[in-house]
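Morning, everyone. Please take a look at the model first.

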Amino acid sequence: MSGSDGRIALVCSCEDTMRLDERAVARGCGAEVRTAEQLCMAQLDRFMAALATGRPLTVACTAQAPLFAQEAAEAGAEAPTFVNIREHAGWSAEGRGAGPKMAALLAAAAEPMPATPLVPLESGGVALVLGRDATALEAAAKLADRLDLTVLLTGAEDVTPPRSAPFPVMKGRARAATGFLGAFEVTVDGAAMPRPSSRARYDWGPGKDGATSRADIVLDLTGGAPLFPAHEVRQGYLRADPADATAVERLVAAAAELNGTFDKPRFIEFDGSLCAHSRNRRTGCTRCIDLCPTGAITPGTGPQKDQVVISAEICAGCGACAAVCPTGAAQYTLPPAAALGRRLRTLLLAYRAAGGEAPVVLFHDEAQGEPMLDALARHGEGLPARVLPLRVNEPTALDLSLLAGAFAWGASAVRVLLPGRRAHGAEGLLRNIDYANAALVGLGLGHAAPRAGAIETDDPFTLGEALAALPRAPFAFAPSTHKAIGTPREMALQGFRALREAAKAPAATVAMPALAPFGTTVVNTEGCTLCLACTSVCPTSAFSANPETPQLRFLEDACVQCGLCVATCPEKVITLEPRLNFDAAAASPRVVKEEEPAACPSCGKVFGTKASIARVKAKLSAHWMFADPARQAILDLCDSCRINAATLGGLDPYAGAARPVTKTTEDYLREAERAKREDQK
């Protein structure tokens with residue numbers, strides 16, 4: 001069977017240790033299938049023949065991938081795509097039924113992934129060694145010929161000075177630190193130099209608080225609390241227990257390699273114009289800041305004051321921010337959700353085309369997941385035939401679009417493999433799992449065992465048992481074949497809508513847990529004054545005004561539940577209601593409140609509302625400045641006419657009532673004299 005790109009799939013049975021269902025594989029993988037039993041050795045000529053065709057090539061073998069890649073390079077051919085069907089499919093107690101899975105894995109592997117953007121980091125080898133005892137000096141001595149070192153001792157223990165001083169040694173306590181490989185700043189209290197006369201132990205001179213030390217690398221051998229959150233993933237910050245000699249040796253070896261220029265992935269692409277963090281000094285969405293384990297995300301300042309700022313140099317790639325970003329401002333790049341969605345769609349649709357049923361998608365990573373699947377295949381019963389493994393860079397970066405898409409494209413269950421010790425940034429993923437399950441239950445598609453879930457274990461046999469125990473609960477309808485397009489939030493909505501349509505679910509709305517990225521707002525219209533403050537801060541224009549008449553409108557499909565409207569509303573009459581709304585009306589603005597406009601009695605210009613003017617009059621009626629009805633009438637005028645009335649009409653807004661006449665002593669004497677003369681007459 002030839003695929004649309006003319007691809008050839010070379011499938012090897014690995015010396016007949018697994019059964020190849022050629023018919024099922026050919027039916028689903030979308031390529032011309034050629035088989036072998038010992039492709040890497042006796043039948044290498046089959047690989048070379050396929051390579052000579054110049055057609056795209058997928059090799060169903062990862063164990064000998066270096067050999068095949070080398071042969072391709074020597075032949076001047078494009079490197080093949082490799083996929084593991086042995087440990088992931090064929091080496092299994094259910095291997096005889098793994099044909100559809102093999103087809104799905106081959107088809108998914110052929111989906112191209114975009115290149116990863118990179119961030120350059122440069123280290124000049126300037127290192128700060130933090131220590132409490134002689135271990136710090138010993139470690140520094142081993143690195144003295146590779147790095148430019150300064151040792152900072154806490155002074156908590158006596159340390160004998162070396163005979164010579166190949167590097168500076170100081171005393172002080174590292175109070176705080178910022179930065180990354182090539183740009184660390186450490187704030188030191190009690191910074192002091194040793195006295196030259198130090199003999200059996202260092203004697204220190206006077207200390208200074210608040211000193212700053214700049215370094216490219218920080219080696220922490222104090223044995224105290226780390227200087228950074230999630231310190232294990234802060235590049236350039238190396239930490240070890242000074243009492244653990246092996247750990248110290250590993251630290252020294254790692255530090256020796258950190259001199260030069262390095263490239264790290266730019267894990268997150270960020271579009272600040274979509275960020276819903278803040279407007280007009282009001283804070284709305286803080287999902288990414290709350291979940292970032294490394295402190296790489298901070299509120300912006302200056303021109304970026306309305307958004308967050310993500311340090312690509314500090315970011316360790318857990319992807320928690322992208323997993324929960326409601327607007328798509330932060331998107332994961334390894335690969336982007338749209339590219340991974342294409343691979344996921346191909347995986348599931350190919351499995352069904354090859355005759356598979358009730359598939360379970362297992363998301364896993366390379367560092368933890370691959371060794372566990374390998375161990376399960378070699379020493380256990382392997383993966384069940386309906387479990388489709390899909391490797392991702394970080395499971396914690398999985399956003400809701402991938403979970404919704406998996407179910408829409410036919411998955412009966414989704415499981416995410418996580419370490420037994422909760423991974424950094426896992427809270428966002430677990431939140432998305434809850435959202436997916438809530439949506440499925442609301443659509444009547446739930447199950448006794450949640451369809452979406454995480455398996456947190458480091459034991460391959462526990463993983464195998466958990467997967468084998470999943471009930472076989474396929475949906476009673478054909479999967480969608482839609483292509484996910486747009487931001488992750490838009491793709492999630494597409495997936496849920498496709499599910500509802502396929503299932504013919506009657507639910508028009510589905511309640512969702514807090515912080516879900518879609519929903520409506522409830523406005524207490526009696527308290528709303530149509531000030532329209534909410535429209536000025538809404539980052540997605542879910543709230544909008546009508547330029548023709550006093551009116552507040554709301555577009556539910558655009559609402560990301562950021563909370564800026566709630567934080568900004570002066571009357572505090574807005575609340576959020578997370579939900580999925582499948583009604584077509586959600587895609588059109590609806591009028592939340594409108595009032596009769598007020599027209600200026602002088603020029604006829606429409607401004608404000610009659611209700612707002614009446615409220616102002618009622619509030620000012622008791623004030624002495626507006627006791628006169630003529631003055632109160634000025635409030636009915638528009639801005640321009642109000643100025644004219646005040647200036648041309650001779651109206652003094654500060655003029656009060658007539659002041660009473662004040663009499664002096666001379667006035668009383670004159671009145672008394674006048675009265676006396678009258679009496680004499």
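A residue counts as buried when its relative accessible area is under 20%. Keep that cut-off in mind. One caution: this is a predicted model.

How many aromatic pairs does the structure hold? It holds 9. A pair of aromatic rings is described by the distance of the centres and the angle of the planes. I'll take two pairs.

Start with Phe267 and Tyr332. Their ring centres are 6.4 Å apart. Their planes meet at 20 degrees, so this pair is stacked, because planes under 30 degrees apart count as stacked. Where do the two residues sit? Phe267 is in the loop between strand 13 (260–265) and strand 14 (268–270). Tyr332 is in strand 19, residues 330–332. That is 65 residues apart, so the pair links distant parts of the chain. Buried or exposed? Phe267 has a relative accessible area of 12%, so it is buried. Tyr332 is at 7%, so Tyr332 is buried too.

Next, Phe407 and Phe475. Here the centres are 6.5 Å apart, with 65 degrees between the planes. That makes the pair edge-to-face. Phe407 lies in helix 12, residues 400–408. Phe475 lies in the loop between helix 14 (460–468) and helix 15 (488–503). So this pair ties together parts that are 68 residues apart in sequence. Phe407 is buried, with a relative accessible area of 1%. Phe475 comes out at 14%, so it is buried as well.

Last item. Which residues form one aromatic cluster? Phe184, Phe228 and Tyr237.

Definitions and conventions
Residues are numbered from 1 along each chain as its sequence is written. This is a predicted model: local features need pLDDT of at least 70, side-chain atom pairs count only at pLDDT 80 or more; totals for chains, interfaces and linings use all residues. Side-chain values use heavy atoms; hydrogens and water are left out. Rings of Phe, Tyr and Trp (its six-membered ring) pair if their centres lie within 6.5 Å; planes under 30 degrees apart count as stacked, over 60 as edge-to-face and the rest as tilted. Helices (H or I, at least four residues) and strands (E, at least two) are DSSP runs, numbered from the N terminus. Buried means under 20% relative accessible area, exposed over 50%, partly exposed in between (1.4 Å probe, protein chains only).
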